[in-house]
Amino acid sequence: MAIKLFQSQTSMFCEKVRIVFALKKVPYEIVDVRKDDRKSLLEYTNQRKVPTMNYNGECVIDSTIISARLDKDHPGNSIYPEGAANKGLCLALEDWSDEVLILANHAMRRADTPEARAKAEAQWDAHFNILDQIYSGKKFIFDHMTIADMAIFSQLHYLYTTVKYEIPAKYKNVNGFMENMRQTLKLNSLADSFEAQSL
Ligand SMILES: N[C@@H](CCC(=O)N[C@@H](CS)C(=O)NCC(=O)O)C(=O)O
């Protein structure tokens, strides 16, 4: 049986999962949901969200659950840090990125008045301040690249590629993190989306 990932190239949650697949070196097929306006996804799952995975016949929905499942079945190159306390912190940061940074991305993308734009920039400033402290003196949050870094990268990468908002230069550690991730993911430029099948 094959593994199929129903996805969209521009979705940040799909990029997060593509990084996990590549890290685990698990081969998979891509079903681009934009090609048939999500018809095959709807037929398969009766819902519209991507990423959705057909995992050897089993349906798995949501980037966090897909990532956890791949890690469980392919434990090499763990996407989590060692130890329960660090793993809990890592999961909390993954959730913060998925549930909070996404809102700032939506706010910036939808800002169509100077007031809305200023509000969205203030929202991002607050997040960049947090991230700049998190990545102070660190390449990754824990001792290797974890799902927390992948989730944060995917949101910041979407901000750069799709929303077209550049991280202000004063956030040196956040910019340093993005450059580290660009190198780790072997992207020629941050304008490219991640699509390698292995890392
Ligand atoms: N929490 C979910 C979020 C997935 C999500 O919001 N996907 C968006 C694309 S970025 C989507 O498919 N939206 C289509 C819809 O809701 O109709 C995850 O981590 O996978």
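Residues are numbered from 1 along each chain as its sequence is written, and side-chain values use heavy atoms, with hydrogens and water left out. Because the model is predicted, local features need pLDDT of at least 70 and side-chain atom pairs count only at pLDDT 80 or more, whereas totals for chains, interfaces and linings use all residues.

Helices (H or I, at least four residues) and strands (E, at least two) are DSSP runs, numbered from the N terminus, and two strands are taken to pair if DSSP finds at least two bridges between them. Strand 1 (residues 3-7) pairs with strand 2 (residues 29-32) in the parallel sense over 4 bridges, and in this pairing Leu-5 stands opposite Ile-30. Strand 1 also pairs with strand 3, in the antiparallel sense and over 4 bridges. Here Ile-3 stands opposite Tyr-55, and Phe-6 has Thr-52 as its bridge partner. Strand 3 in turn pairs with strand 4 (residues 58-61), again in the antiparallel sense over 4 bridges, with Met-53 opposite Val-60. Strands 3 and 4 form a hairpin with 2 residues between them.

Burial is expressed as relative accessible area: buried means under 20%, exposed over 50%, and partly exposed in between (1.4 Å probe, protein chains only). Strand 1 is largely enclosed by the rest of the structure, because 4 of its 5 residues are buried. Strand 3 (residues 52-55) is covered on both faces: Thr-52 and Asn-54 are buried on one side, and Met-53 and Tyr-55 on the other.

Within strand 3, Thr-52 has a relative accessible area of 0% and is therefore buried. Its side chain is joined to that of Gln-47 by a polar contact of 3.2 Å. A polar contact is a pair of N or O atoms within 3.5 Å; within protein, one must be able to donate a hydrogen and the other to accept it, and residues adjacent in sequence count only if both atoms are side-chain atoms. A polar atom of the Thr-52 side chain also lies 2.8 Å from the backbone oxygen of Lys-49. Residues up to four places away in sequence aside, Thr-52 touches several others (contact: heavy atoms within 4.5 Å); among them are Lys-4, Leu-5 and Phe-6, as well as Cys-59, Val-60 and Ile-61.

Two further buried residues lie elsewhere in the chain. Gln-155, in helix 6 (residues 147-161), is buried with a relative accessible area of 1%. Phe-194, in the segment after helix 7 (172-184), counts as buried at 1% relative accessibility. Phe-194 and Arg-18 are 176 residues apart along the chain, yet their C-alpha atoms are separated by 7.3 Å. Arg-18 is also one of the residues that Phe-194 touches beyond four places in sequence, including Glu-15, Ile-19 and Ala-22.

Most residues other than glycine have a negative phi, and most peptide bonds are trans. The peptide bond from Val-50 to Pro-51 is cis, with omega near 5°; Pro-51 is found in the loop between helix 2 (39-45) and strand 3. Lys-25, in the loop between helix 1 and strand 2, is not a glycine but has a positive phi of about 55°. With a relative accessible area of 48%, Lys-25 is partly exposed. Asn-56, in the loop between strands 3 and 4, likewise has a positive phi, of about 50°, and is partly exposed at 38%.

The largest pocket has a volume of about 590 Å³. On a 1 Å grid over the protein atoms alone, a pocket is an open set of points where a 1.4 Å probe fits, with protein on both sides within 12 Å along at least five of seven lines, and lining residues have an atom within 4 Å of a point. The volume is the space filled by probe spheres set on the points, which are joined across faces, edges and corners. The lining comprises 21 residues, of which Ser-11, Met-12, Phe-13, Lys-49 and Val-50 lie nearest the centre of the pocket. Helix 1 (12-24), helix 3 (63-73) and helix 4 (84-110) each supply at least two lining residues, and helix 4 contributes the largest share, 6 residues. By class, the lining has 7 nonpolar, 6 polar and 8 charged residues (nonpolar: Ala, Val, Leu, Ile, Met, Phe, Trp, Tyr, Cys and Pro; charged: Asp, Glu, Lys and Arg; polar: the others, Gly among them).
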